[in-house]
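Hi,

Here's the structure I promised to pass along. Have a look at it first, and then I'll take you through what turned up.

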Amino acid sequence: MTEAMDTAKLNEDLIALVGRRNLLASLDYNDEAYDQVEEEMHDLEDDFIEEYGPYLEEAFRKVHQEHCPDEDVLLPIA
């Protein structure tokens, strides 16, 4: 983590991702919009991991080492 993270952008992107997940959860699987919303959510997840994955994984790793070293570190979207 050598360069500074734009935490405001991280928050905005995380809010967008959570919003899309919440929208998907509110739709019935048979809803005609379900597949489109699911695809958009997966695209947001991929973009989020590409942008923030290394930064968040390092931060999570440090927290895990300190507080629960016997637990596995999961992907940020897990």
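One definition before we start: helices here are DSSP runs of H or I with at least four residues, numbered from the N terminus. Also keep in mind that this is a predicted model.

**Aromatic pairs**

With that in hand, look at Phe 48 and Tyr 52. Both sit in helix H2, four residues apart, which is about one turn of the helix. How many aromatic pairs does the count come to? The answer is two. In one of them, the rings of Tyr 29 and Tyr 34 have centres 5.0 Å apart and planes at 65°; planes over 60 degrees apart count as edge-to-face, so that's the label this pair gets. Tyr 29 is exposed, with a relative accessible area of 61%. Tyr 34, on the other hand, is buried at 14%. Phe 48 and Tyr 52 make up an aromatic pair as well, this one tilted, with 5.0 Å from centre to centre and 50° between the planes. Both of these residues are tucked away by the numbers: Phe 48 is buried with a relative accessible area of 6%, and Tyr 52 is buried with 1%.

**Salt bridges**

Next, the charged side chains. In general, side chains of opposite charge can pair when their charged atoms come close. This structure holds four salt bridges, and I'll go through some of them here.

Start with Arg 20, which forms a salt bridge with Glu 40; their closest N and O atoms are 2.9 Å apart. Arg 20 belongs to helix H1 (residues 7–26) and Glu 40 to helix H2, so this pair ties together parts that are 20 residues apart in sequence. Both partners are partly exposed: Arg 20 has a relative accessible area of 24%, and Glu 40 comes in at 28%.

Then there's Glu 45, whose side chain meets that of Arg 21 in a salt bridge, at 2.6 Å from N to O. Again the two helices are involved, with Glu 45 in helix H2 and Arg 21 in helix H1, so the pair ties together parts that are 24 residues apart in sequence. Is Glu 45 buried or exposed? It's buried, with a relative accessible area of 8%.

**The negative patch**

Last stop: the surface. Which residues form the negative patch there? They are Asp 6, Glu 12, Asp 35, Glu 39, Asp 43, Asp 46, Asp 47, Glu 50 and Glu 51. Helix H2, which covers residues 34–67, gives the most to this patch, with seven residues. Glu 50 is exposed, with a relative accessible area of 66%.

Cheers

Technical notes: Residues numbered from 1 in each chain as written. Predicted model: local features only at pLDDT ≥ 70, side-chain atom pairs only at ≥ 80, totals over all residues. Heavy atoms only, no water. Patch = residues over 30% accessible without salt bridge, like charges linked within 9 Å, V, L, I, M, F, W, Y side chains within 5 Å. Areas by Shrake-Rupley, 256 points an atom, 1.4 Å probe, with all protein chains shown as cover. Lys, Arg positive; Asp, Glu negative; His and termini not counted. Charge placed at Lys NZ, Arg CZ, Asp CG, Glu CD. Buried < 20%, exposed > 50% of the residue type's maximum accessible area, 1.4 Å probe, protein only. Phe/Tyr/Trp six-rings, centres within 6.5 Å; stacked < 30°, edge-to-face > 60°.
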